[in-house]
Amino acid sequence: MSNGTPLEQAQQAYRATLKRPLRSFATDHQALLQSFHPDYAESSRVALKVGVNRGEPCHPQLAALLQTDSPSNEQMLATANQIETDVLVIGSGGAGCSAALIAADNGADVLIATKLRAGDSNTIMAEGGIQASIEANDTPQAHFDETLKAGHHCSDKQLVEQMVLDGPAVIQWLIQQGMQFDRDSQGNLATRRAGGTSADRVLYYRDYTGLEMIRVLREAVRQHNKITTYDYSPAIELLSNKEGHCNGALLYSIERQQYTIVKANAVILASGGLGRMHLNGFPTSNHVGATGDGLVLAYRLGAKLQALDSFQYHPTGLAWPQTLAGTLITEGIRSAGAQLVNSQGERFIDELAPRDVVSAAIMRECSAGRGIRLESGRQGVWLDTPVLEKQQPGMLAQQFPKFIALCNKADINPFQSPLLICPTLHYQNGGVVINKACETTVPGLYSAGEVSGGIHGKNRIMGNALLEIISFGRRAGAAATARHQSPDCQLSLDHLMSFRSELKQNQITSDRQAPLLFPHYATFSRKSV
Amino acid sequence: MALACQSKIEAGMQVIFPQYLDEQSSALLNHRYQLTLSSDHQQQLNATFPEAADCRHCHGCTISCPKGIDVEQGVTLANEGKLATAGDLFINCVMCDLCTTSCPENIAPNYVALFARRTTAFNQPPAPNLANRLQALQRGELKIKY
């Protein structure tokens, strides 16, 4: 195995040219994935020993987290102050905000508990756009088929059917909240194509789709008189009644170092993904709070999870400069025509193949010595933006202001120099099992957004995440409000007893705590009681 | 001064926590409005953000903006009823609230701009491609086959 071409040498050798030789690449996507995608490595899965998914495969780092004892105890409950609400929403990204808005519109008192500040989430960083089949030459059926195909036919078809049919109404609702979308000269909503799809189906606002969405939804939430938001207040445990139904959560205020019990008729988990666990040592595009907390809470309460060995490594994370490693460069730029180029000046994959395939192809180039090597030993390939500028002058600056801001921060001139990129841990494909009403397998507990599983199979396409969070967020809000009051209002940690005895039986001990709340380099520690 | 999240850490830097909009200063953010199609938007702006008319053009908001937005000009345009133009100035706004905390007249410029942006979006004519698809779905024409 060669080490690739050193960065400086590759920079000098780079020529912006429209005529790129296309290296003949394997058309057998499955073989490419088997050889180069991290999910397909034997070392990427172990069998869970504890909990409802016992015996099922799970990424080893996630398995260790799911099988960590809870730090919660009865003493915390006894000393905590207690408040009450109809619906508790955990998380304030797109799924949490839309769930809260619908629940509140339906008359419920809603409390949003969020670990950082309202809106701090992966949603706000989303760039590519949101899928909805609205063009005359496209159909929801094609959206459905292509979502399934890109996910290797591992999705829950009922969930995907509901989501694609929701698409246009979701866009309508967002516009009614005051969200802007880019339009063409006829006033149609503009669309672009996602990798692994056949039609222009991604709607967007520049490359700020997520920022625009959160600005608007957060303001709607802030103004709603039925919604209260607790910042810096992560949930650290879900609470249950005698039958094991979810009826609240234990929150920890980071600012005040205090515990609060929230009693709720329904709890909606909308806590997002886990990129900051840096699975397999990868950099991540995720925000600092994406530490898989929701999976931990749901699993300890007995909610079934799925596809815990499937993650998305987005093809184009910034590889250099090192201080920004992992930062996302939107697929929209490839959709607009930017090419991927190896150190030999060759293209090596259809840039709009499904994300998992493009990432595997990049890793193949690097492992075959056709990558570009940094001093750290890490490798990447070029994202050829100067050629894009040659083909469509001015387009990058007009349509991709966030990308230009990133380049300024990185001190790179994308009109003259290509960007060094490599795959970055981007998305959790699996998660909490839900039905069409976002009910988990535990009564009283609902789930929406990235923390849920079943929609994207083993690989997600661009724009389906933003669609999912609003489609399922709204449904979770409606379903949670419609839930009948449970007569048993005792709040307990009883569900931890069986979990702990299973840990003991399996002689699993750990000196860590779960949920993580923050990545290890944040050196955060919680006050114990 | 720059936002920590936008800056590379270097030796000798000082970290200042911005004055968060706590309970006391959140009086600045007590505005409530419904997005509407028909009413006079400038009147709604004046009623919702009466302070906006008090701008004394001190440039404090513009100087404070870490994204280089001409915040003061945005407030001026909004006051003149040019909501779409005002809102467009704030495409890069990350709602850090620094302009709001820097305003001596208690204007919340980024929220004025967000009002302008949301009102603009809400009042755009229906997009033909979206409207057509919604109608087709309503007629039950587009079913999914497994």
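Trainee: Is the crossing of helix 2 and helix 11 of chain A left-handed or right-handed?
Mentor: This is a predicted model, in which local features need pLDDT of at least 70 and side-chain atom pairs pLDDT 80 or more, while totals for chains, interfaces and linings use all residues. Residues are numbered from 1 along each chain as its sequence is written, with chains lettered from A and ligands numbered from 1 in the order in which they are written. A crossing is left-handed if the near helix is turned anticlockwise from the far one by less than a right angle, and right-handed if clockwise. For helix 2 and helix 11 of chain A, the crossing is left-handed.

Trainee: Which residues of helix 2 of chain A are buried?
Mentor: A residue is buried if 20 or more other C-beta atoms lie within 10 Å of its own, exposed if 12 or fewer, and partly exposed in between. Helices are DSSP runs of H or I with at least four residues, and strands are runs of E with at least two. In helix 2, residues 29-36, the buried ones are A:Leu32, A:Leu33 and A:Phe36.

Trainee: Why do these buried residues line one face of helix 2 of chain A?
Mentor: An α-helix has 3.6 residues a turn, so residues three or four places apart point the same way. Seen down the axis of helix 2 of chain A, the directions from the axis to the C-beta atoms of its buried residues fall within an arc of 95 degrees.

Trainee: Which residues of helix 2 of chain A are exposed on the other side?
Mentor: The buried residues pack against helix 11 (355-367) of chain A, where contact means C-beta atoms within 7 Å. On the other side of helix 2 of chain A, the exposed residues are A:Gln30, A:Ala31 and A:Gln34.

Trainee: Is A:Leu517 buried or exposed?
Mentor: A:Leu517 lies in the segment after helix 16 of chain A and has a positive phi of about 70 degrees although it is not a glycine. With 20 other C-beta atoms within 10 Å, A:Leu517 is buried.

Technical notes. Contact = placed C-beta atoms within 7 Å.
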